[in-house]
Amino acid sequence: MLSSVISVARTYVIDSDISYSTNKDSYSVKRCKLDVYHADDTTRLPVIVWFHGGGLTGGERFIPQELKNSGYVIVAPNYRLMPAVAIDDCIDDAASAVAWTFNNISEYGGDPDKIFVAGHSAGGYLTSMIGFEKKWLEKYGIDADSIIGLIPYSGQAITHFAQRQAKGISEFRPVIDEYAPLYHIRKDAPPYVIITGDRELELYGRYEENAYLWRMLKLIGHPDIRIYEIDGHGHGQMVGPAHHILKTNVRRILEGAFR
């Protein structure tokens, strides 16, 4: 299976502004769109759904430069943002975009059996929420366990700070409720790869909350959970080197799944 993830000479194109939601309100029509980066002459490639960051209150979809020309189909969705919508809507959009990917990615040369979900910061949070709590994808007829791997970069493991701020709770007061990935951990979740920046440079103890998530997954018996701390890199700077870790683990997971 190595040939499916090793970079070879291919021509890639981007199909842009694809609507993935059935919501008809103007804000959904504006925000619920995605881009697909794909090879124009290849089928059955691994797929990475990439969620942008921005604290659930900002940000725009993009195709990470480091993941281009690497033998992947990349799906980059936008999603609705707080405070215009509730956090439930942000998570629902993420689930809707992933469901769209399962249902449509074969038309773009992607393999629906090889879909990874990843993202940075808020995107990492969304990755974990829809991967752990199965109800979000079940709404769209997709089993979260069909995702072959979850790879959040510097995502929140506790309740997202935007949700806490919306309730008047300080960013320095941790909360673990139904909006925390930690609340929904399960040992039968897909392979899970945590990547954070340096614990001394990260936001608000982001490394430590992810380390606790890693430990709890180990304790409940999750069979494939890894954590990486990128020394010397803060919350924003860790993204570049994290892409190398993603590629390494995509290859590892594919080799294990399709051996």
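Author: Happy to; what follows starts with a group of aromatic rings and then turns to a pair of helices. Please keep in mind that this is a predicted model.

Eight aromatic pairs are counted in the structure. One of them joins Trp50 and Phe62, an edge-to-face pair with 6.2 Å from centre to centre and 75° between the planes. This pair links distant parts of the chain, for Trp50 belongs to strand 3 (residues 45-51), while Phe62 lies in the loop between strand 3 and strand 4 (73-77), 12 residues apart.

Trp50 and Tyr153 are both buried. Taken together, Trp50, Phe62 and Tyr153 make up one aromatic cluster.

Rings also take part in contacts with charges. The charged end of Lys114 sits over the ring of Phe258, at 5.0 Å from the ring centre. Likewise, Lys135 has its charged end over the ring of Trp136, 4.9 Å from the centre.

Now to the helices. Helix 3 (residues 122-132) is largely enclosed by the rest of the structure, because 11 of its 11 residues are buried. Among these buried residues are Tyr125, Leu126, Met129, Ile130 and Phe132, along with Gly123, Gly124 and Gly131.

Helix 2 (residues 87-104) packs with helix 3 at an angle of about 75°, and their axes are 10 Å apart. An angle from 65 to 115 degrees counts as roughly perpendicular, so that is how helix 2 lies to helix 3. On the helix 2 side, the contact is made by Ile87, Cys90, Ile91, Ala94, Ala95 and Val98, and on the helix 3 side by Tyr125, Leu126, Met129 and Ile130. By class, this contact has 10 nonpolar residues, no polar residues and no charged residues. As a general point, an α-helix has 3.6 residues a turn, so residues three or four places apart point the same way.

How values were computed: Residues numbered from 1 in each chain as written. Predicted model: local features only at pLDDT ≥ 70, side-chain atom pairs only at ≥ 80, totals over all residues. Heavy atoms only, no water. Phe/Tyr/Trp six-rings, centres within 6.5 Å; stacked < 30°, edge-to-face > 60°. Helix = DSSP H or I, 4+ residues; strand = E, 2+ residues; numbered from the N terminus. Buried < 20%, exposed > 50% of the residue type's maximum accessible area, 1.4 Å probe, protein only. Lys NZ or Arg CZ within 6 Å of the ring centre and 35° of its normal. Axes fitted to C-alpha atoms, helices over the stretch in contact; angles between N-to-C directions. Parallel < 35°, antiparallel > 145°, perpendicular 65-115°, else oblique. Contact = heavy atoms within 4.5 Å. Nonpolar A, V, L, I, M, F, W, Y, C, P; charged D, E, K, R; others polar.
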